Amino acid sequence: MKLIIINGPNLNLLGKRETDIYGALSFEAFYEQLNARYPEVELSYFQSNIEGELIDKIQEVGFSYDGIILNAAAYTHTSVGIGDAVKAVETPVIEVHISNTFAREEFRHQSYVSAGARGVILGFGLQSYELALQSFLKP
Ligand code: DQA
């Protein structure tokens with residue numbers, strides 16, 4: 001089972017950024033825990049603050065991996081290009097968010113990713129990523 005987590009802008013600052021919303025754990029520390037918990041999964045991780053790099057990565061893995069766990073962060077709400085990339089690839093995409101975007105500002109209620117995603121998991125903190133991973137293990 002080959003899965004990738006793709007994180008969008010500012011998620012490299014997890015653990016430091018708005019910790020009341022996103023928590024105090026860095027993504028690197030969480031990613032280590034996840035790898036330890038699911039040794040049977042060939043997991044990789046990519047983060048970029050650049051929209052085109054996220055699209056390039058979705059295209060690169062999107063015809064060979066078993067699943068993409070995508071938190072496009074702020075680009076979720078603005079990027080037609082990322083939404084189109086999700087629709088263009090064969091690999092199923094699970095959209096995740098750490099926070100419950102529907103309980104926040106109205107501009108966060110819109111997602112260009114959801115229409116092309118297999119499913120959406122949000123509001124469970126970093127556990128959102130783990131729930132997405134588990135969904136690939138139990139289809
Ligand atoms: C986020 C929610 C987005 O609205 C925000 O721009 C982020 C993180 C989340 O995981 O809760 O950067 O995707």
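Biologist: How far does the backbone nitrogen of Ile82 lie from a polar atom of the side chain of Ser79?

Modeller: A word first: this is a predicted model, in which local features need pLDDT of at least 70 and side-chain atom pairs count only at pLDDT 80 or more, while totals for chains, interfaces and linings use all residues. Residues are numbered from 1 along each chain as its sequence is written, and side-chain values use heavy atoms, with hydrogens and water left out. Ser79 sits in the loop between strand E3 (67-71) and helix H4 (80-88), helices (H or I, at least four residues) and strands (E, at least two) being DSSP runs numbered from the N terminus. From the side chain of Ser79, a polar atom reaches the backbone nitrogen of Ile82 at a distance of 2.9 Å.

Biologist: Which residue's side chain is joined to that of Ser79 by a polar contact of 2.5 Å?

Modeller: Ser79 counts as buried because its relative accessibility is 0%; buried means under 20% relative accessible area (1.4 Å probe, protein chains only). Beyond its neighbours within four places in sequence, Ser79 is in contact with Glu51 and Tyr112, contact meaning heavy atoms within 4.5 Å. A polar contact is a pair of N or O atoms within 3.5 Å; within protein, one must be able to donate a hydrogen and the other to accept it, and residues adjacent in sequence count only if both atoms are side-chain atoms. The side-chain partner at 2.5 Å is Glu51.

Biologist: Over to the ligand, then: how far is one of its oxygen atoms from an N or O atom in the side chain of His77?

Modeller: The residues around the ligand (each with a heavy atom within 4 Å of it) include Arg17, Tyr22, Ala74, His77 and Arg108. A ligand oxygen is 3.0 Å from a side-chain N or O atom of Arg17, and one is 3.3 Å from a polar backbone atom of Ala74. For the side chain of His77, the distance is 2.7 Å.

Biologist: How many residues does the largest nonpolar core have?

Modeller: Such a core is a set of buried Ala, Val, Leu, Ile, Met, Phe, Trp, Tyr and Cys residues joined through side-chain atoms within 4.5 Å. Ile5, Phe27, Leu43, Ile69, Tyr129 and Leu133 have the most contacts inside the largest one. Strand E1 (2-7), helix H2 (27-37), strand E4 (93-97) and helix H5 (127-137) each supply at least two of its residues.

Key
Buried < 20%, exposed > 50% of the residue type's maximum accessible area, 1.4 Å probe, protein only.
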